[in-house]
Amino acid sequence: MAQLSNDEVPTPPKLARAVLDELPGNVWGTPDYVWLDPFCKSGVFLREAAGRLLEGLSDQFPDFDARRDHIYRNMLWGTSITEMTGLISRRSLYYSRDASGSDSVVQFDDGAGNLPFVHTRHTYPKKIDGTVTGGCLKCGAAFDLERGEARENYAYSFIHDAYPTEEMRDMKFDVIVGNPPYQIGVDGSNRDRPLYQLFVDQAIALRPRYVAMITPSRWFAGGLGLAEFRAARLADRHMRVLVDYPRLYDAFPGVKIRGGVSYFLWNRDEPGTCRVQTMWNGQPLGEPVERHLDEWDVLIRRNEAVSILRKVQSKNEATLDAKVSSRLPFGFQTNVHGKDTSAGLPDAVRFYGSKKQTWMDRNAITVNKSEVGLCKVLMHRAYGEDGEPPYRVTAAPTLVGKDTACSGTYLVVGAYEKMEQAGNLDAFLRTRFVRFLIQLRMNTQDIKRDTFAFVPDLPMASRWTDADLYQRYGLDASEVEFIKSQVREMAVNPASDAGPQ
């Protein structure tokens with residue numbers, strides 16, 4: 001069998017069962033509910049649902065054969081994401097990849113049964129001079145994915161208006177479940193575009209009674225093009241359950257999904273607060289908490305962090321993000337370097353780039369030129385780590401003197417006339433307290449200006465310690481211990497004690 005792509009990795013049955021457990025118990029005893037998995041990979045959701053319905057509908061249909069026939073023909077529907085996953089899903093649900101064959105638990109007239117693969121095409125912009133410019137108008141997919149009907153093009157039918165099919169347009173789905181594809185390659189970029197939000201939006205647009213789906217957790221605080229989706233989901237009072245797996249490999253053993261995964265339950269008819277639960281090593285971590293998800297512009301993943309952030313924000317202080325530079329502090333991309341020596345440069349400036357320091361003439365710097373002559377604190381824009389907490393969260397800040405600049409490898413977090421002030425900021429950024437507040441806005445390795453939006457902008461005339469900060473914001477012993485459990489100590493930078501320059 002051909003190797004499955006990352007988006008075809010099947011959902012572990014244990015995880016699928018956990019998702020289905022969040023549905024209210026009455027769904028298993030309601031014979032007229034119609035179920036849909038519009039992105040079948042292995043058929044595990046429909047198979048697990050079938051087992052529960054066979055038990056739950058035993059009173060309404062005492063005859064087992066009649067009960068099974070009703071469930072499989074009238075209640076369970078789906079479509080696969082590829083030809084191959086269609087065969088796998090039918091084999092899982094019907095015990096036969098041919099639903100019309102004698103080995104199928106229920107024999108349909110069509111070999112696909114209620115679980116077809118529906119082929120469709122991407123929709124690309126009009127050609128200019130014979131060339132397609134831009135990705136699919138529906139999902140952003142690169143043009144080279146359209147390689148003829150003999151090969152998969154990953155134009156998923158559920159988000160390309162091909163499924164439900166025309167014959168199914170009048171059907172009303174009551175429960176939509178599953179684990180959608182997560183991403184797709186796009187033209188002109190080495191970054192994949194997230195897809196899962198399109199499946200979530202489409203499922204909710206069908207207005208079923210319930211939606212229960214697995215997604216990556218990156219949407220909580222980041223993700224390419226996910227700002228609108230994040231705002232909508234956080235404000236949606238129909239989001240009633242959110243179970244988060246932040247630990248790598250916890251939900252999908254052996255599959256690296258940075259930022260973790262989560263699943264949610266959306267309830268059309270019973271809006272309210274959302275019950276948030278964190279899982280760790282397959283077990284609940286702490287008690288679930290009922291809360292509104294949109295208290296902040298990003299989702300605070302850990303319930304224990306909510307009280308800490310509330311205390312910090314109760315002082316209504318300005319935040320550090322207002323002072324952090326843009327993605328390219330001096331206009332230079334990450335691959336830019338200067339000369340190896342300052343020889344021959346009329347006005348040499350030390351230039352901090354990816355993995356090395358070089359020299360550049362001051363006149364070559366046209367963006368934020370006024371900051372070149374200031375003392376600065378630089379922060380690496382990317383920092384990732386695996387393993388168990390406590391984490392570093394960020395790379396150690398880089399304290400630099402006057403007559404310096406940097407490439408887009410770094411952000412400039414603060415610039416001062418005196419090295420003493422810059423040194424105090426360097427020490428501030430190394431505290432567990434500050435890195436904890438940064439962590440609340442990080443679901444990926446990317447560090448951006450808004451990553452500092454929870455960090456208070458305190459005066460840097462003196463040195464701040466963790467003890468000072470815990471006292472300033474009135475944190476109790478349990479809150480301090482929680483911060484320590486999540487963020488490990490970072491060594492003090494001896495250069496931060498340098499005198500004025």
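This is a predicted model: local features need pLDDT of at least 70, side-chain atom pairs count only at pLDDT 80 or more; totals for chains, interfaces and linings use all residues.
Leaving aside its neighbours within four places in sequence, which residues is R302 in contact with? They are T278, L285, R291, F482 and Q486, where contact means heavy atoms within 4.5 Å.

Residues are numbered from 1 along each chain as its sequence is written, and side-chain values use heavy atoms, with hydrogens and water left out.

The chain has 11 helices and 18 strands. Both are DSSP runs numbered from the N terminus: helices are H or I with at least four residues, and strands are E with at least two. Taken along the principal axes, the C-alpha atoms fill a box of roughly 85 × 65 × 35 Å. Of the 501 residues, 52% count as buried. Here buried means under 20% relative accessible area, exposed means over 50%, and partly exposed is in between, using a 1.4 Å probe and protein chains only. Among contacts in the chain with a separation of 6 or more, 70% are between residues 24 or more positions apart.

**Back to R302**

R302 sits in the loop between β12 (283-291) and α7 (303-313). With a relative accessible area of 15%, R302 is buried. Its side chain makes a polar contact of 2.9 Å with the side chain of E304. A polar contact is a pair of N or O atoms within 3.5 Å; within protein, one must be able to donate a hydrogen and the other to accept it, and residues adjacent in sequence count only if both atoms are side-chain atoms.

E304 turns up again where α7 meets another helix. In that pairing, E304, A305, S307, I308 and K311 of α7 meet E479, F482 and I483 of α11. The residues of this contact divide into 4 nonpolar, 1 polar and 3 charged. For these classes, Ala, Val, Leu, Ile, Met, Phe, Trp, Tyr, Cys and Pro count as nonpolar, Asp, Glu, Lys and Arg as charged, and the others, Gly among them, as polar.

**Two helix pairs**

Two packed helices are described by the angle between their axes and the distance between the axes. Axes are lines fitted to C-alpha atoms, for helices over the stretch in contact, and angles run from 0 to 180 degrees between N-to-C directions. Here are the two pairs:

| Helices | Axes come within | Crossing angle |
|---|---|---|
| α1 (residues 13-21) and α2 (residues 44-56) | 10 Å | roughly 60° |
| α7 and α11 (residues 477-486) | 10 Å | roughly 110° |

At its angle, α1 is oblique to α2, while α7 and α11 are roughly perpendicular to each other. The cut-offs are under 35 degrees for roughly parallel, over 145 for roughly antiparallel, 65 to 115 for roughly perpendicular, and the rest for oblique. α1 passes α2 in a right-handed crossing, but α7 passes α11 in a left-handed one. A crossing is left-handed if the near helix is turned anticlockwise from the far one by less than a right angle, and right-handed if clockwise.

**A covered helix**

How many of the 11 residues of helix α8 (residues 419-429) are buried? The count is 9, so α8 is mostly covered. Among its buried residues are M419, L425 and F428. The cover includes β15 (375-380), β16 (398-400), β18 (410-416), α9 (432-439) and α10 (466-472).

**Two more residues**

T30 is found in the loop between α1 and β1 (35-40), and is buried at a relative accessible area of 16%. A polar atom of its side chain lies 2.7 Å from the backbone oxygen of N26.

R193, in strand β7 (residues 192-194), counts as partly exposed at 34% relative accessibility.

Most residues other than glycine have a negative phi, and most peptide bonds are trans. The bond from Y163 to P164 is cis, with omega near 5°, and the bond from P389 to P390 is also cis, with omega near 5°. N281 is not a glycine, yet has a positive phi of about 55°; at 52% relative accessibility, N281 counts as exposed. N368 has a positive phi too, near 50°, and is found in the loop between β14 (356-361) and β15.
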